[in-house]
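Subject: Handover of a structure

Dear colleague,

Please find below the structure that I am handing over to you. My findings follow directly after it.

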Amino acid sequence: LEVFEWLDEMLSRAGEEATVSALEYYEDIGWLSEGSREELEDITAGLSTADTIGQRLNIDDHRESLLYVARLARRLDN
């Protein structure tokens, strides 16, 4: 549920292209593994309806994403 909530939030703010770009960035900086990014992109494609044009994720959006990633990672470790 938390994954869907997070991705839906990013999609509603910035659309599919920016969300996928953010996931790729999160992999590049080590927040996500390649496999996790691929799974999240698949979910994103399934959730996406219409792309939001002209919106960009800002620093606060990325901070919120880090909180989601940290919570999800903590659950996997337990």
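For a chain of 78 residues, a compact globule would have a radius of gyration near 12 Å, and the protein chain has 12 Å, which agrees. Please bear in mind that this is a predicted model. Along the principal axes, the C-alpha atoms of the protein chain fill a box of roughly 40 × 25 × 20 Å.

Overall organisation

The secondary structure of the protein chain consists of three helices and zero strands, and from the N terminus on the elements run α-α-α. Helix α1 covers residues 2-28 and helix α3 covers residues 59-77, while helix α2 covers residues 34-47. Of the contacts in the protein chain with a separation of 6 or more, 74% are between residues 24 or more positions apart. Buried residues account for 32% of the 78 residues.

The nonpolar core

The largest nonpolar core contains 13 residues. Those with the most contacts inside this core are Trp 6, Leu 7, Met 10, Leu 23, Tyr 26, Leu 32 and Leu 40. The elements that contribute two or more residues to the core are α1 and α3, and the largest share, seven residues, comes from α1. For Leu 40, the partners beyond four places in sequence are Val 3, Trp 6, Leu 7, Leu 23 and Leu 32.

Aromatic pairs

There are three aromatic pairs in the structure. In one of them, the ring centres of Trp 6 and Tyr 68 are 6.0 Å apart and the planes lie at 15°; since an angle under 30 degrees counts as stacked, this pair is stacked. The pair joins distant parts of the chain, with Trp 6 in helix α1 and Tyr 68 in helix α3, 62 residues apart. Both partners are buried: Trp 6 has a relative accessible area of 2%, and Tyr 68 has one of 5%.

In a second pair, Tyr 25 and Tyr 26 also have their ring centres 6.0 Å apart, but their planes are at 55°, so the pair is tilted. The exposure of these two residues is as follows: Tyr 25 is partly exposed, at 44% relative accessible area, whereas Tyr 26 is buried, at 0%. Ring pairs link Tyr 25, Tyr 26 and Trp 31 into a cluster.

Which residue lies over the face of Tyr 68? It is Arg 71, at 4.6 Å from the ring centre. Apart from residues up to four places away in sequence, Tyr 68 touches Glu 2, Glu 5 and Trp 6. From C-alpha to C-alpha, Tyr 68 is 12 Å from Leu 23, and the two residues are 45 residues apart in sequence.

Ser 65 also lies in helix α3, and this residue is buried, with a relative accessible area of 1%. Beyond its neighbours within four places in sequence, Ser 65 is in contact with Trp 6, Met 10, Tyr 26 and Trp 31. Among these partners, Trp 6, Met 10 and Tyr 26 are listed above for their contacts inside the largest nonpolar core, and Trp 31 belongs to the ring cluster with Tyr 25 and Tyr 26.

Setting aside its neighbours within four places in sequence, Arg 37 is in contact with Leu 23, Glu 24, Glu 27 and Leu 32. Leu 23 and Leu 32 are, in turn, among the residues with the most contacts inside the core.

Asp 42 is likewise found in helix α2. With a relative accessible area of 59%, Asp 42 is exposed, because the cut-off for that class is over 50%. The C-alpha atoms of Asp 42 and Val 20 are separated by 9.7 Å, while the two residues are 22 residues apart along the chain.

Yours sincerely

Notes
Residues numbered from 1 in each chain as written. Predicted model: local features only at pLDDT ≥ 70, side-chain atom pairs only at ≥ 80, totals over all residues. Heavy atoms only, no water. Phe/Tyr/Trp six-rings, centres within 6.5 Å; stacked < 30°, edge-to-face > 60°. Helix = DSSP H or I, 4+ residues; strand = E, 2+ residues; numbered from the N terminus. Buried < 20%, exposed > 50% of the residue type's maximum accessible area, 1.4 Å probe, protein only. Lys NZ or Arg CZ within 6 Å of the ring centre and 35° of its normal. Core = buried A, V, L, I, M, F, W, Y, C linked by side-chain atoms within 4.5 Å. Contact = heavy atoms within 4.5 Å. Rg over C-alpha atoms; globule rule 2.2 N^0.38 Å.
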